[in-house]
Amino acid sequence: MSTPQQPEENTLDQAADTFVRLRPRLFGIAYRILGSVVEAEDVVQDVWLRWQSTDRGVVQEPRAFLARATTRMAINVAQSARVRREAYVGPWLPEPVDTGVDPQVGAERAEALEMAVLLLLEKLNPVERAAYVLREAFDYPYDQIANMLSLSQSNARQIVSRARKHLSAERREPVRTAEHRRLLKAFVVAAQTGDVDALEKILSADVVAYADGNGLRGVAQTRVTGVARVARMSAFSRKFIHEADYHLVEANGLPAVLITTAQGEAAALVLAVVGHGGIEELYWIMTPEKLGAYRRSSCRGA
């Protein structure tokens, strides 16, 4: 006697439960590969649609199936995004996320999440980036990484090793979170008052500032280097962003500064890379779409 088939609605309910449980990890994989909240959300949505139409009865490991689908789709998007970003006006920076409240990213390991690391990952090709993310951020074994990327295990190991060496050669030794927050608070006070001398004292000798505005008027279209120039740029923000309030927040696992206007809308998000010599890099996020992505990530945990 044949076993009666399970009602379709129950099957879909089970599929939805499985997907919802794994969604934070899927988003975390896609976000780290793409550096974009919007693109990562789109990838996860496409994976959900594929999961609904899949013959789930033959899927022995939903966790592995969904992670592989997410990785492959994210690689495809990354390949096309590279072409689109060639037409970007000025420096391109990853979209920040509020890891203080956003379970989509905060539930996973912090590796490959900081803004500086996401920028370094952009220098790798999408497959190298995916292999590094899967291994270093999610601790997948090499046989699973090889399966996800259609590689041999030895090739997967080589790719991760090369990516690890490439990033370690350019990454700087971080400071304690308390010191990071102290310098950022000092930056806020000096920037709010336009105190150039105070800003110069907390910037490292080789400080670099990037402003992501994608052509917005008044936003620097090239990186700014040198203590004096970066200090003047930071002090000038007080005039450029009228009636602004500065708030210490968390973004991509580290303390950051959110600047809002009197209307309550985000005007800029400043993320800093802090070393033992002071603030080494500043990232000014000015593009409205990227600020909107940060606001959405803040609301998700509310």
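User: Before we start, how is the model numbered, and what cut-offs apply to it?

Analyst: Residues are numbered from 1 along each chain as its sequence is written, and because this is a predicted model, local features need pLDDT of at least 70 and side-chain atom pairs count only at pLDDT 80 or more, while totals for chains, interfaces and linings use all residues. Side-chain values use heavy atoms, with hydrogens and water left out.

User: OK, what does the secondary structure come to?

Analyst: The protein has 12 helices and 6 strands, where helices (H or I, at least four residues) and strands (E, at least two) are DSSP runs numbered from the N terminus.

User: And what percentage of the residues is buried?

Analyst: Buried residues make up 50% of the 302 residues in the protein, with buried meaning under 20% relative accessible area, exposed over 50%, and partly exposed in between (1.4 Å probe, protein chains only).

User: Which residues touch the most other members in the largest nonpolar core?

Analyst: That core has 52 residues, and those touching the most other members are Phe 19, Tyr 31, Val 47, Leu 121, Tyr 140 and Ile 145; a nonpolar core here is a set of buried Ala, Val, Leu, Ile, Met, Phe, Trp, Tyr and Cys residues joined through side-chain atoms within 4.5 Å.

User: Which elements give two or more residues to this core?

Analyst: They are helix H1 (8-34), helix H2 (37-53), helix H3 (62-85), helix H5 (115-121), helix H6 (126-137), helix H7 (142-149) and helix H8 (153-170). The largest share, 10 residues, comes from H1. There is also a second, separate core of 31 residues, which includes Leu 184, Leu 199, Val 224 and Trp 284.

User: Let's stay with H1. What does Ile 29 touch?

Analyst: Ile 29 lies in helix H1 and is buried, with a relative accessible area of 0%. Not counting residues up to four places away in sequence, Ile 29 touches Ala 67, Thr 70, Thr 71, Val 133, Leu 134, Phe 138 and Tyr 140, where contact means heavy atoms within 4.5 Å. Ile 29 and Ala 130 are 101 residues apart in sequence, yet 8.1 Å apart in space, C-alpha to C-alpha.

User: How many aromatic pairs are there in the whole structure?

Analyst: A search finds 5 aromatic pairs. In one of them, the rings of Phe 27 and Tyr 31 have centres 6.1 Å apart and planes at 5°, so the pair is stacked; rings of Phe, Tyr and Trp (its six-membered ring) pair if their centres lie within 6.5 Å, with planes under 30 degrees apart counted as stacked, over 60 as edge-to-face and the rest as tilted. Phe 27 and Tyr 31 are 4 residues apart in helix H1, and are therefore separated by about one helical turn.

User: Are those two buried or exposed?

Analyst: Phe 27 counts as buried at 0% relative accessibility, and Tyr 31 counts as buried at 0% as well.

User: And what does Ala 40 touch?

Analyst: Ala 40, which lies in helix H2, touches Phe 27, Ala 30, Tyr 31 and Leu 34, not counting residues up to four places away in sequence. Ala 40 and Ala 30 are 10 residues apart in sequence and 4.9 Å apart in space, C-alpha to C-alpha.

User: Switching to H6, how many of its residues are buried?

Analyst: H6 is mostly covered, with 10 of its 12 residues buried.

User: What about Glu 136, buried or exposed?

Analyst: Glu 136, placed in helix H6, counts as buried at 18% relative accessibility. A polar contact of 2.6 Å joins the side chains of Glu 136 and Arg 164, a polar contact being a pair of N or O atoms within 3.5 Å; within protein, one must be able to donate a hydrogen and the other to accept it, and residues adjacent in sequence count only if both atoms are side-chain atoms.

User: Last topic: in what sense do S3 and S4 pair?

Analyst: Strand S3 (residues 245-251) and S4 pair in the antiparallel sense over 7 bridges, with pairing requiring that DSSP finds at least two bridges between the strands. Asp 245 stands opposite Thr 260 in S4. The hairpin of S3 and S4 has 2 residues between the strands, and in this hairpin Asn 252 takes a positive phi near 55°.
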